[in-house]
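Me: I'd like a close look at one part of this model, taken slowly. Here it is.

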Amino acid sequence: MASSSFKSLAPIALVFFILLGTSSAQLTPNFYSSSCPKLFPTIKSVVQSAISSEKRMGASLLRLFFHDCFVNGCDGSLLLDDTSSFTGEKNANPNKGSVRGFDVIDKIKTAVEQACPGVVSCADILAVTARDSVVLLGGPTWNVKLGRRDSRTASQSGANNNIPPPTSSLSNLISKFSAQGLSAKEMVALVGAHTIGQARCTNFRAHVYNDTDIDATFAKTRQSNCPSTSGSGDNNLAPLDLQTPVAFDNNYFKNLVSKKGLLHSDQQVFSGGSTNSQVSTYSTSPSTWSSDFVAAMIKMGDISPLTGKSGEIRKNCRKTN
Ligand code: HEM
């Protein structure tokens, strides 16, 4: 009896051991369910208080995840501070004087370490924080896959090369995303993140003064707070979505259709090229965009994670252990 029931369990045991063997390479939403059961509420309450102090912070936190994932995968490399002997990514062109929210990540890490010391990676904190920010600003939710570990390295040149600049043409945007395994369609869904947040004059000056695929009245409005001379007013801000910059809605795509994209790169996705029809669809069907955005965020979160015994669980997100 005992041996026959053992035999009948044998195939199940085999499947179990096969799964165990591969699980380290897979991200899964319940990765911390026993090791850190309070993880989600712990993160959410810090994100919530950061956003209630400053609504823009939701945008800044979402962007951190993008800038992390595009450089050697979603491994927390963006969070490492420069030191005299270490060059991180914070001073790379797309990040310098621009990315923000590191103090919020520190607060989250402190709260998470208090709840479950030494368990949760900074890379995973960025993934959950990005989702919570979207939800708190009225966007869709999703199950975040977890189990990433933190890098011991960073790449300033990777940040300079992989994160597309706002001067990008449509074909440059497509190729930078394709280099990360993301399609043109996923790129368009993801750049809808520009429905929240702000950009600096230095990044939209050329578009509002020199480009022709821009609504003339809108261009004038943006010129009024962005002097034409490079070096003056460079850090003056304007909303990426002129209508609702702290609401995660599809107005960004409506703006593009009416030629009111703030960045040259934004307007490129609706400028007569291959992505025009997708932008039109998103401008009239928020639910189509929501579901495509969620799927693309999950896919972006899958870029080259460190899992199993690779990397480490940093104690402090700003430095390696
Ligand atoms: C398609 C290529 C992209 C380009 C060329 C681009 C470029 C930029 C630029 C230039 C800014 C303004 C930075 C500044 O002036 O300081 C910005 C802001 C922002 N980006 Fe992107 N971006 C892209 C894709 C994405 C993606 C995929 C996401 C997220 C999924 C994202 C999220 C954001 C957010 C939320 C902000 C506002 C941040 C804040 O207010 O602090 N961007 N982006």
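Which residues in helix 2 meet which residues in helix 4? Please carry on from there to whatever else helix 2 packs against, and then around the rest of the model.

Reply: First, the ground rules. This is a predicted model, so local features need pLDDT of at least 70 and side-chain atom pairs count only at pLDDT 80 or more, while totals for chains, interfaces and linings use all residues. Numbering starts from 1 along each chain as its sequence is written. Helices (H or I, at least four residues) and strands (E, at least two) are DSSP runs, numbered from the N terminus.

Now your question. From helix 2, Leu39, Thr42, Ile43, Val46 and Ala50 meet Val104, Lys107, Ile108, Ala111, Val112 and Ala115 in helix 4; contact here takes C-beta atoms, placed from the backbone, that lie within 7 Å. By class, that contact divides into nine nonpolar, one polar and one charged. For the classes, Ala, Val, Leu, Ile, Met, Phe, Trp, Tyr, Cys and Pro count as nonpolar, Asp, Glu, Lys and Arg as charged, and the others, Gly among them, as polar.

As for geometry, helix 2 (residues 39-53) and helix 4 (residues 102-115) have axes 9 Å apart and pack at an angle of about 150 degrees. Axes are lines fitted to C-alpha atoms, for helices over the stretch in contact, with angles running from 0 to 180 degrees between N-to-C directions. The two are therefore roughly antiparallel, given that angles over 145 degrees count as roughly antiparallel, under 35 as roughly parallel, 65 to 115 as roughly perpendicular and the rest as oblique.

Helix 2 brings Phe40, Ile43, Lys44, Val47, Gln48 and Ile51, while helix 5 brings Ile125, Val128, Thr129, Asp132, Ser133 and Leu136. That contact has seven nonpolar, three polar and two charged residues. Ile43 turns up in the contact with helix 4 and again in the one with helix 5.

On to the ligand. It has 27 residues around it, the closest being Ser60, Ser98, Ala193, Gly197 and Ala199; being near takes a C-beta atom, placed from the backbone, within 6 Å. Helix 3 (57-69), helix 8 (184-191) and strand 1 (198-200) each give two or more residues to this shell, with the largest share, five residues, coming from helix 3. The shell's classes are 15 nonpolar, eight polar and four charged.

Helix 8 also has a buried side: Glu186, Met187, Val188, Ala189 and Val191. Buried means 20 or more other C-beta atoms within 10 Å, exposed 12 or fewer, and partly exposed in between, with C-beta atoms placed from the backbone. Those buried residues pack against helix 7 (170-178), helix 12 (264-268), helix 13 (276-284) and helix 14.

Finally, a loop residue. Asparagine 72, between helix 3 and helix 4, has a phi near 60 degrees, a positive value in a residue other than glycine. Asparagine 72 counts as buried because 20 C-beta neighbours sit inside 10 Å.

How values were computed
Contact = placed C-beta atoms within 7 Å.
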